Amino acid sequence: VKSLPQDKPKIVFHAAMMAIQNFGFMIFYYDIWGQTPHDSKCQSTRDAVAMMSVTCFCVAFLCVGMAFGGYTDDQFVFALYWFAHLAGGAAYTICTITIPIARYSSKGKDCAALAPLTGDRIEIIYILHALLYFVYVGGMLSITYFSFIKPTYYGGKVLPLTESKKANNAD
């Protein structure tokens with residue numbers, strides 16, 4: 001782990017975007033969790049949004065820790081937070097699957113009928129969550145690339161496509 005000086009702002013940018021996204025989803029799902037009725041029909045919905053809220057809280061700081069390790073070239077910190085964030089990312093992925101299963105099951109539909117506003121909110125927030133899922137994965141992969149893969153396997157010599165074209169045209 002020895003990020004290049006020109007890649008350090010990219011690491012910070014991706015960490016900030018990931019933390020903002022996770023903190024936002026933590027607030028969204030925490031609020032939905034609190035508004036979902038305490039009824040047996042709603043238990044799977046409550047469990048799914050509760051897990052997502054807590055997961056988002058954890059990965060919001062884990063992604064910053066991972067980026068901090070990459071930014072400061074601290075191999076131990078980077079690896080510790082990278083693997084911890086990977087576990088959090090697995091939980092995030094599980095929630096990405098379980099939330100619609102819970103919401104659109106027969107009990108989930110009955111639950112949404114008990115609290116129509118909450119049922120609608122889960123639907124809309126989940127659509128946003130699903131749309132941004134790969135943006136989040138891209139952030140983790142970018143931090144990994146700029147902190148570890150590029151300096152370790154490419155010696156920091158990978159040029160962006162536009163710079164490669166300029167170099168080829170100069171010959």
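Reader: Which residues line the largest cavity?

Author: This is a predicted model, and in it the lining of the largest cavity is made up of T36, P37, T45, R103, G108, C111, A112, A115, T118, G119 and I122. Helix 4 (106-114) and helix 5 are the elements that give two or more residues to that lining.

Reader: What makes it a cavity rather than a pocket?

Author: A cavity is a set of grid points where a 1.4 Å probe fits but cannot get out, whereas a pocket is an open set.

Reader: How do you know that the length of helix 1 fits its number of residues?

Author: Helix 1 covers residues 8-35, which makes 28 residues, and at 1.5 Å a residue they should span 40 Å. The C-alpha atoms at its ends are 41 Å apart, so the two values agree.

Reader: Which residues of helix 1 are buried, and what covers them?

Author: The buried ones are K8, I11, H14, A15, M18, A19, Q21, N22, F25, M26, Y29 and I32. Their cover includes helix 2, helix 3 and helix 5 (116-153).

Reader: Q21 is on that list. Why does Q21 count as buried?

Author: Q21 has 12% relative accessibility, and the cut-off is under 20%, so Q21 counts as buried. Q21 lies in helix 1, and beyond its neighbours within four places in sequence, Q21 is in contact with Y92, L132, V135 and Y136.

Reader: What makes a group of residues a nonpolar core, and which members of the largest one touch the most others?

Author: The members have to be buried residues of nonpolar types such as Ile, Met, Phe, Tyr and Cys, joined through side-chain atoms within 4.5 Å. The largest core has 16 residues, and F25, Y29, I32, M52, C56, Y92 and I99 touch the most other members. Helix 1, helix 2, helix 3 and helix 5 each give two or more residues to this core. Apart from it lies another core, of 15 residues, including L62, A67, F78 and Y136.

Reader: What does F25 touch, not counting residues up to four places away in sequence?

Author: F25 touches C56, Y92, I125, L128, H129 and L132.

Reader: What about the phi of D73?

Author: Most residues other than glycine have a negative phi. D73, which is not glycine, has a positive phi, near 60 degrees.

Reader: How do you know that D73 and S3 make a polar contact?

Author: A polar atom of the D73 side chain lies 2.8 Å from the backbone nitrogen of S3, and the cut-off for such a pair is 3.5 Å. Besides S3, D73 touches V1, K2 and K8, with residues up to four places away in sequence left out.

Key:
Residues are numbered from 1 along each chain as its sequence is written. This is a predicted model: local features need pLDDT of at least 70, side-chain atom pairs count only at pLDDT 80 or more; totals for chains, interfaces and linings use all residues. Side-chain values use heavy atoms; hydrogens and water are left out. Contact means heavy atoms within 4.5 Å. A polar contact is a pair of N or O atoms within 3.5 Å; within protein, one must be able to donate a hydrogen and the other to accept it, and residues adjacent in sequence count only if both atoms are side-chain atoms. Helices (H or I, at least four residues) and strands (E, at least two) are DSSP runs, numbered from the N terminus. The expected span of a helix is 1.5 Å times one less than its number of residues. Buried means under 20% relative accessible area, exposed over 50%, partly exposed in between (1.4 Å probe, protein chains only). On a 1 Å grid over the protein atoms alone, a cavity is a set of points where a 1.4 Å probe fits but cannot get out, and a pocket is an open set with protein on both sides within 12 Å along at least five of seven lines; lining residues have an atom within 4 Å of a point.
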